[in-house]
Amino acid sequence: MPATNDADDYWGKAVTLYTGFPMPSRKTLFDKLKSKEGIPLFRMDIQSMSVRAVTAEDYSAISGWMKHDGEDYDLVFYTAGGDGAHSGVEMHRARIVLIGVPVDSNSRARLLDAGEMISGGAFTGHYGDQWDSGPMSQYVSGAKAALDKLLADHTTRGFSYSGLPVADAEAVDLNSFERTALAFDRAAKFFIDHAKILEQWETSLGSEQASWKGQAAGVFWHLVHQLRKNYDSYVEQLGGADYHAAHTTVNGVSPKSKFGDTLAMAQQQLVAEITNLQNAWTTWAGSREHDPHRSVLELLDELSAWVLTNNVPYIDETTSYGGETTVTSYSTRAGFLENHPVYGNLNDIQSWKKLGETAVTRWNNYVNQQLVPVATQSLSTLNGNWIDAGTEFEDPLKTKDTTSLSESYQQEQNQLNQEQLNQNQQNLNDILNNNQQNLNDGLNNLGNNLNNLGNNLNDGLGNIGDGLNNGLGNFTNGLNNSLGDLGNNFHTLSSNLNGPPGSGPTLNGDPGGPNPLLNNPLNHLGLNDGGNPLTNPGGGTTRLNADGTLTTDYPDGSSTTFNPATGAMTTTSPGGKVTTSRLNAGDSFTNPDGSTTTLNADGTLTTKFPDGTSTTVDPATGSATTTHPDGSVTTTDLNAGLGSGADDLSHLTDGHSTGGLNGLDGLNAPSSLHSGGLNPGSLDSASLHSGSLNSGSLNSGLDGLHGDDLAFEDYDSTPFTGGALGAPGGAALAAGSAAAPPTGGTPLNPGGLGGMGGAGNQSNNERVRKVLDETGGASLRRPTVSRAASGGEEEEREMVLTRGSTPTTSSPYYPMGGGGSPAGQGAQSTESGDRERSSWVPEDEDVWGTDEGGAPAVIGR
């Protein structure tokens with residue numbers, strides 16, 4: 001904006017700001033419209049006249065506007081050497097010519113009509129004086145012309161008035177708002193259209209029928225997924241795919257983006273303020289006070305009225321007769337004034353200079369009263385409106401996902417490990433519960449068998465008593481005593497297995513009693529409690545739950561629970577109200593105790609407390625690292641009760657082992673069941689050997705503790721369901737046939753991905769290179785669950801590996817030169833992690849080559 005207007009001239013500031021027209025300074029408008037005496041807006045001289053007394057009517061005839069040719073205004077007055085009564089009266093006439101006024105058809109000066117505009121420039125006066133009315137016309141009329149130009153043509157480029165142009169760099173273009181708004185609309189459309197294409201790619205690459213598979217394919221799928229997710233985020237930040245604008249531009253365009261809508265609103269606000277200035281000028285010019293020469297005329301009329309009141313009426317005419325001679329003399333009476341109270345002596349040219357300066361001051365007052373307040377309010381209003389509109393543009397578009405491939409891979413592995421650990425823990429609980437139930441059932445069957453045993457023995461011994469009488473009577477008594485001891489021993493065994501708290505090694509005894517057989521080992525495993533809680537500054541506690549979530553309880557009764565799998569942060573108020581928010585990497589959450597929790601890119605949570613303490617918790621490992629205000633660091637294992645995990649199940653705490661459960665040593669130890677004369681009896685019958693004691697249900701169930709159920713591997717034989725790249729869901733490629741190349745372009749490489757493996761001819765004897773670790777670790781996960789878009793949760797994709805650490809496919813690989821799939825074309829076939837693959841040798845070709853670290857080195861061969 002040119003710095004040509006005055007610092008306190010808000011009318012000039014507003015016009016220049018809105019239009020780019022460089023309004024001249026009001027203080028210098030009339031510098032080139034002054035007489036040689038320095039009188040602004042008019043030139044003059046004072047002539048002497050023959051003294052005569054005049055009446056009011058006579059005075060009006062010789063004084064005023066346009067009374068004589070050659071002058072614009074005449075003003076007659078008397079002097080007598082001072083105010084009051086004097087003799088020696090003189091009569092004068094001030095002859096005034098206005099400078100810089102338009103002329104009529106008779107070449108006589110005229111003033112501007114209501115609302116009339118004037119143009120001007122340099123000109124030469126009657127006596128050769130060089131004057132310039134350009135600045136005056138630029139300020140008076142140029143402002144209105146610039147405002148009219150902008151509203152009519154929507155730009156002031158190329159505009160000038162009375163020789164003063166608008167510089168191209170300063171020109172205001174209302175259409176620029178619309179052009180910028182449409183640029184945002186085009187950006188939004190680009191992201192919307194290409195997000196759809198990327199979604200098709202993501203579906204094709206992620207399906208089991210995809211042409212490209214393996215870890216390198218998973219890496220590329222992740223890149224496509226990340227780009228699509230970021231494009232969707234950009235669309236949302238721009239207002240959404242179905243955005244409807246609340247404003248239109250001056251050309252009637254309705255934007256399709258949030259930022260475009262804001263620009264249309266800002267344009268309308270500017271147009272409204274331009275219109276306000278235009279209306280203010282029309283009101284000001286309608287009073288005809290926009291012409292500064294009118295202020296001169298008003299002051300001259302006021303001075304004439306003053307002379308007619310205080311000067312002319314106090315002239316006395318005296319006539320003396322002496323013979324034929326008549327002498328007339330003039331004098332003034334008391335009350336006569338020849339010195340104006342503001343301008344001074346009317347016979348002094350400096351008094352008239354004061355009158356011209358007063359006219360300029362009056363004109364400026366009209367500007368300050370009628371234009372400046374409107375301009376000041378307009379500038380304030382537009383500034384406030386544009387500050388509000390500008391907040392929409394303070395932050396650039398944010399990229400939602402900026403994680404690197406290595407970070408993403410590590411997060412996937414951590415989550416897979418945590419999920420597998422949770423599943424193993426659940427499997428362990430199920431096994432132990434089933435074993436406990438089987439043990440109870442077996443003991444019940446044992447009681448039934450022993451009852452039947454007693455009945456059989458009594459019947460047999462009764463028959464013996466009938467035949468042997470007294471000889472066997474004593475044997476019967478001894479046998480009865482032995483059976484009594486057997487009953488006592490079995491009662492003791494039952495008591496030990498189901499006895500009261502503190503009664504010895506029991507199956508379901510009191511955990512606080514000595515050597516509990518089952519409950520205590522489970523409790524020491526941490527399966528029935530929440531591990532070691534962490535006490536935070538301020539009294540809150542943090543614990544790791546069995547489902548992998550983190551819960552923090554606060555002294556006021558509120559609590560927060562964070563789910564690492566979904567990113568959901570659930571807050572429960574003391575009154576029971578539950579609210580849920582979602583944390584993405586880098587997001588922070590303010591807790592009820594004033595601390596803030598931030599989700600880091602590696603999946604850990606860092607909480608900063610008001611006292612300077614900082615705690616970082618890794619939900620995957622249960623490790624909590626606390627940095628105290630003094631710089632000291634402590635580490636807490638929230639999973640302390642779990643020890644080293646499922647591997648500790650073979651060595652339970654308190655000196656017990658799983659061997660006690662598998663072998664039931666107390667039942668197999670030497671006892672009255674195998675001693676004395678019972679061995680030949682029915683204790684060795686099929687009922688005992690076929691009973692629940694030897695049924696194997698307990699042992700067979702516990703075998704799972706050492707089997708594949710605890711391994712961190714899984715098998716997935718689910719076939720892919722997608723189609724080729726570029727098609728949302730085509731059929732699987734037939735064995736040995738070539739897939740059709742993609743027909744669509746990409747946002748990054750329009751026209752297709754040339755040379756990409758799997759889209760051309762490809763044999764079934766290709767393999768997948770293990771690139772991410774020495775043992776062929778898992779690739780980036782393929783999707784299995786799609787969360788609702790309205791929830792804002794990101795989609796997860798999972799690729800499950802076989803126990804051989806090789807990705808499963810719907811078409812198994814065969815040795816070089818093999819005869820193809822035994823399942824036949826189109827038949828589903830699965831592979832086992834235990835299947836021997838003697839033909840998979842390092843010399844086999846890769847489906848995709850990859851560099852070390854997992855990044856694809858080449859697409860295709």
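## Overall picture

A residue counts as buried here when its relative accessible area is under 20%, as exposed when it is over 50%, and as partly exposed in between (1.4 Å probe, protein chains only). What you're looking at is a predicted model, where local features need a pLDDT of at least 70 and side-chain atom pairs count only at pLDDT 80 or more, while totals for chains, interfaces and linings use all residues. Numbering runs from 1 along each chain as its sequence is written, and side-chain values use heavy atoms, with hydrogens and water left out.

The chain has 16 helices and 29 strands. Both are DSSP runs numbered from the N terminus: helices are H or I with at least four residues, strands are E with at least two. Contact means heavy atoms within 4.5 Å. Of the contacts in the chain with a separation of 6 or more, 60% are between residues 24 or more positions apart.

The score to watch is pLDDT, the predictor's confidence in each residue, from 0 to 100. The chain averages 72, and 63% of the residues score at least 70. Residues 489-530 have a pLDDT below 50, and in the model this stretch has 81 contacts beyond near neighbours in sequence. The pLDDT is also below 50 over residues 640-861, a stretch with 403 contacts in the model, again beyond near neighbours in sequence.

On to the strands. In general, strands of a sheet pair through backbone hydrogen bonds, either parallel or antiparallel. Here, six strands form an open sheet in the order β20-β21-β22-β23-β24-β25, with antiparallel pairing. The edges are β20 (588-590) and β25 (633-637), each of which pairs on one side only. Ignoring direction, neighbouring strands of this sheet are turned by 20° against each other on average. That angle is taken between axes, which are lines fitted to C-alpha atoms (for helices, over the stretch in contact); angles run from 0 to 180 degrees between N-to-C directions.

Two strands pair if DSSP finds at least two bridges between them. β20 and β21 (residues 596-599) have three bridges, in the antiparallel sense. For F589, the bridge partner in β21 is T597.

## Salt bridges

A salt bridge here is a side-chain nitrogen of Lys or Arg within 4 Å of a carboxyl oxygen of Asp or Glu. The structure holds 19 of these. One of them joins the side chains of R93 and D74, at 3.7 Å from N to O. R93 sits in strand β5 (residues 90-98) and D74 in strand β3, so this pair ties together parts that are 19 residues apart in sequence. Both R93 and D74 are buried.

Other salt bridges sit within a helix. K144 and D148 have their closest N and O atoms 2.8 Å apart, and both lie in helix α3, four residues apart, or about one turn of the helix. K144 is buried at 12% relative accessibility, while D148 is partly exposed at 26%. In helix α4 (residues 175-206), K189 and D193 are also four residues apart and therefore separated by about one helical turn. Their closest N and O atoms are 2.7 Å apart. K189 is exposed at 52% relative accessibility, and D193 is partly exposed at 29%. There's also a network of salt bridges linking E202, R228 and D232.

## Loop residues worth a click

Start with L41, in the loop between α1 (10-19) and β1 (42-49). Its phi is near 80°, a positive value in a residue other than glycine. L41 is buried, with a relative accessible area of 0%. M66, in the loop between β2 (64-65) and β3 (73-79), also isn't glycine and has a positive phi, near 60°. M66 is partly exposed, at 22% relative accessibility.

T155 is in the loop between α3 (134-153) and β8 (160-161), and is buried at 17% relative accessibility. The T155 side chain reaches the backbone oxygen of V172 at 3.4 Å. Leaving aside neighbours within four places in sequence, T155 is in contact with K149, L150, V172 and D173.

Methods
Polar contact = N/O pair within 3.5 Å; in protein donor to acceptor, adjacent residues only side chain to side chain.
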